[in-house]
Amino acid sequence: MKAAAPPVGELPGCPPGTLFEGRRALSEAGVHRPLQAGIAGTALGGAVSVVLSGGYEDDQDSGHQILYTGEGGRDPRTGAQTAHQLLTRGNLALARSHLLGQPVRVVRRVAGATYRYDGLFLVTACWHEVGRSGYRIWRFLLESEAALESEGTTAATAAPERHATTRLRRLSRHGAQVKAWHDHTCQLCGLRLLTPAGPYAEAAHIRPLGQPHGGPDTPENLLCLCPNCHVQFDLGGVGVAPDLTLLGRPGALRQARAHHVDPAQLAYHRTHIYSEEPGPMA
DNA sequence: GGGCCCGCAGGG
DNA sequence: CCCTGCGGGCCC
């Protein structure tokens, strides 16, 4: 008999705002089981809850948006980063939540040993960067589900489009042009996906638009991709080397005469989105 | 199923 | 500030 998967989402009798005295109480209520770790969950099932206790200087918390730093690689005595953070344990769990579009319970330490359950958040971005220490750290953007919903129902919102997954994808003004240059052929795998209404392709930003990445909406920052390659590219399973050969699979980036791809954006994707780590089910 | 390793505690 | 801690995921 396998242990029951930890419950995801809202817990009955525990609405946002519920207070807990100490980690023990949090644990016994099932809101956040571990007594010390900040991330709860499994490598396959994803993260189910996180605790923000202000331990990371780099974390930013603006209420509905939280920039969360992954775990590991720190000296337990000094807290200094002394090794790369790996996509394992809690970091992998959060990356799985991103992939699965699975909500994460967020708990904040509000004073002393008092913790407050603050509702469900989605992992809307997942990337890595090299910090001042010279070591790689993983970062996760958590956004309040409630805030995302009200954003979606606000008629005034412009370009952002959220699909079934939590990947934030925005429409490009130059998408049609880039697709035309490539005749709707995927630049990664060469597929030209046919439908009765015509060939289908997607315009994929190399360096994602908007925070935290801040990529430009220009043709030089776009690729013409099939839906499968688009997903894998956005989630870091495939990258493009400086010589335009592919990373993570055989092949090379297909080019069109009129379409200049900015090497700097490909470099950004390599150093922040693409990851060589094979993942739990490779 | 058992040990091992780990962490945004908590108190002294 | 330092050290003991405890449950849980995960690998053997």
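Arg-108 counts as buried because its relative accessibility is 12%, buried meaning under 20% relative accessible area with a 1.4 Å probe and protein chains only. This is a predicted model, in which local features need pLDDT of at least 70 and side-chain atom pairs count only at pLDDT 80 or more, while totals for chains, interfaces and linings use all residues. Residues are numbered from 1 along each chain as its sequence is written, chains are lettered from A and ligands numbered from 1 in the order in which they are written, and side-chain values use heavy atoms, without hydrogens and water.

**Arg-108**
- Strand β6 (residues 104-111) contains Arg-108; strands are DSSP runs of E, at least two residues, and helices runs of H or I, at least four, numbered from the N terminus.
- Beyond four places in sequence, the contacts of Arg-108 (heavy atoms within 4.5 Å) include Leu-52, Asp-61, Ile-66 and Phe-121.

**Nonpolar cores**
- The largest nonpolar core has 19 residues, and among those touching the most other members are Val-50, Ile-66, Val-106 and Leu-142; a core is a set of buried Ala, Val, Leu, Ile, Met, Phe, Trp, Tyr and Cys residues joined through side-chain atoms within 4.5 Å.
- With four residues, α2 gives the most to this core.
- Another core, of 16 residues, lies apart from it and includes Leu-188 and Val-240.

**DNA strand C**
- Around DNA strand C are Arg-24, Arg-33, Leu-35, Gln-36, Gly-41, Thr-42 and Ala-43.
- Of the atoms of DNA strand C that come within 4 Å of the protein, 67% belong to sugar and phosphate.

Note on methods
Buried means under 20% relative accessible area, exposed over 50%, partly exposed in between (1.4 Å probe, protein chains only). A residue is near a molecule or strand if one of its heavy atoms lies within 4 Å of it.
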